[in-house]
Amino acid sequence: MLRDTFGRSIEYVRLSVTDRCDLRCSYCLPKGFKDFQEPAEWLSYAELTRVMQAFAALGTRRIRITGGEPLTRQHLPELIRDLAAIPGIEDLSLSTNATRLAKTAQELQQAGVSRINVSLDSLQPARFAQITGGKLDKVLAGLMAAKAAGFAPIKINMVVMREVNTDEVVDMVNFCIEHDFTLRFIETMPIGNPGRDATDHYVDLRDIKTQLETHFDLIPGVMPGGGPARYVRVAGTELRIGFITPMSQHFCDTCNRVRLSADGNIYLCLGQNAVYPLREHLRRGISDTELQQHILQAIALKPARHEFNEHPAHIVRFMAQTGG
Ligand code: SAM
C-alpha cells in the first residue's frame, strides 16, 4: 500500500497524456493560449505505461486518463490497452470534453476504459460557446455515442459560476434525469490566473444545493467510487448529484491521488507547488526498482492540504498543464 506521510493511502493516479485542448474554458485556459509543450516533451506511451506499472506495483489501483483534452492525442486506444493490462489496475477511467467522443466512444470502450466523465457547463449553444469556445452539438453527439457504446455511469461535470450558468442547474438536473447520467457540480479553484472566471464567479455549492431543494426532494445518497463528491439522490428518480467543494468544504484529509503531467512531473496537490520531475530520470535509463524509489520520494512530498483560500494567487500553472 502506497502511503503518504499523513497516512493517506495513495491508490489513484490522474494521468495526463497532453496539455493541449481543443476548447478554452474561461476558468481553465486563457483565450488564445498557445504556449503548449512540444510533443517531444510528453512522455511516450511506453514511458507512461512503465511509470504506471511502477505505481501499480506500489499499490495504485485506479487510473484516470486526462489532459488537456486526452482525445486530442493520437492513437490513445493503444495506451489504454496497455494500461488496462497492468496487473493490479482495477479501474481505468477517462475525463473528456466529449468533442471527439462521437467517433471514438466505441473504440475506447473496447480498449478498456470502464468509466467516462464529461465536462459540460451549459446546455445553451451560445453560452456553451462563450464559456468554452466550442460547439455544444459536438459534445451532445459525443455523450450520446458514449451512452450507445454502453458506458455506465456517465458522469457530467459542471463547473458552476455565478452570473455565468447558475440559472442552468435545474435544467442540467432534468437533462441528467432524462438521459440517465450522474451529475456533479464543481466549485471553481484559483488555478493559473486568478481574476478570471475561476475567482470572480466563484459560487459556494451549498447555495446551489439550497436552490435545488426548492425544485427537487434531495435525499442523502452514495455513489460507488464517488471520490471527493458528496452525493444526494433526487427522490423518485435514479439521479445522483455530487457536490465537489474544494473551496467551501475541502476534502484534503481523504485525498487519495496524485497527478502525472504529460511532460513527466508528479504533482502532489492541485493547490500546492510540490512537484517531482520524473522525465529526466526515466530517460537516463533507471531500473524499475529505482523508478519505484523515485515515486516513493515524490509521495513523501505530498502536502497536508491545498491553500487556495489562504494564497489564491499561488498556483501559476494552468489546470490543463497539471492534468485536471
Ligand atoms: N479535457 C478534459 C475535460 O474537459 O474534462 C479533461 C481535463 S479538464 C482540465 C478536467 C476538469 O478540470 C474539467 O471538468 C474542468 O471543468 C476542470 N477545471 C479546469 N479548471 C478548473 C478550475 N479552475 N476550477 C475547477 N475546475 C476546473
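The model is predicted: local features need pLDDT of at least 70, side-chain atom pairs count only at pLDDT 80 or more, and totals for chains, interfaces and linings use all residues. Residues are numbered from 1 along each chain as its sequence is written, and side-chain values use heavy atoms, with hydrogens and water left out.

**Exercise 1.** Work out which residues are closest to the ligand.

*Solution.* Start with the shell, where a residue is near if one of its heavy atoms lies within 4 Å. The ligand is surrounded by 17 residues, and Tyr27, Gly68, Glu69, Ser119 and Met189 are the closest. By class, the shell holds 6 nonpolar, 9 polar (Gly counts here) and 2 charged residues.

Next, look at N and O atoms. A nitrogen atom of the ligand lies 2.9 Å from a backbone N or O atom of Gly68. For Glu69, a side-chain N or O atom is 2.9 Å from a ligand nitrogen. Met189 brings a backbone N or O atom to 2.9 Å from a nitrogen of the ligand. Finally, the ligand taken alone exposes 550 Å², of which the protein buries 93% (Shrake-Rupley method, 1.4 Å probe).

**Exercise 2.** Find which helix gives the largest share of the lining of the second largest pocket.

*Solution.* First, the volume is about 150 Å³. Then list the lining (residues with an atom within 4 Å of a pocket point): among them are Leu71, Arg73, His75, Arg100 and Glu107. Helix 2 (76–84) and helix 3 (101–111) each supply at least two lining residues. Helix 3 gives the largest share, 3 residues. The lining divides into 4 nonpolar, 3 polar and 3 charged residues.

Terms used:
A polar contact is a pair of N or O atoms within 3.5 Å; within protein, one must be able to donate a hydrogen and the other to accept it, and residues adjacent in sequence count only if both atoms are side-chain atoms. On a 1 Å grid over the protein atoms alone, a cavity is a set of points where a 1.4 Å probe fits but cannot get out, and a pocket is an open set with protein on both sides within 12 Å along at least five of seven lines; lining residues have an atom within 4 Å of a point. Grid points are joined across faces, edges and corners, and a volume is the space filled by probe spheres set on the points. Helices (H or I, at least four residues) and strands (E, at least two) are DSSP runs, numbered from the N terminus.
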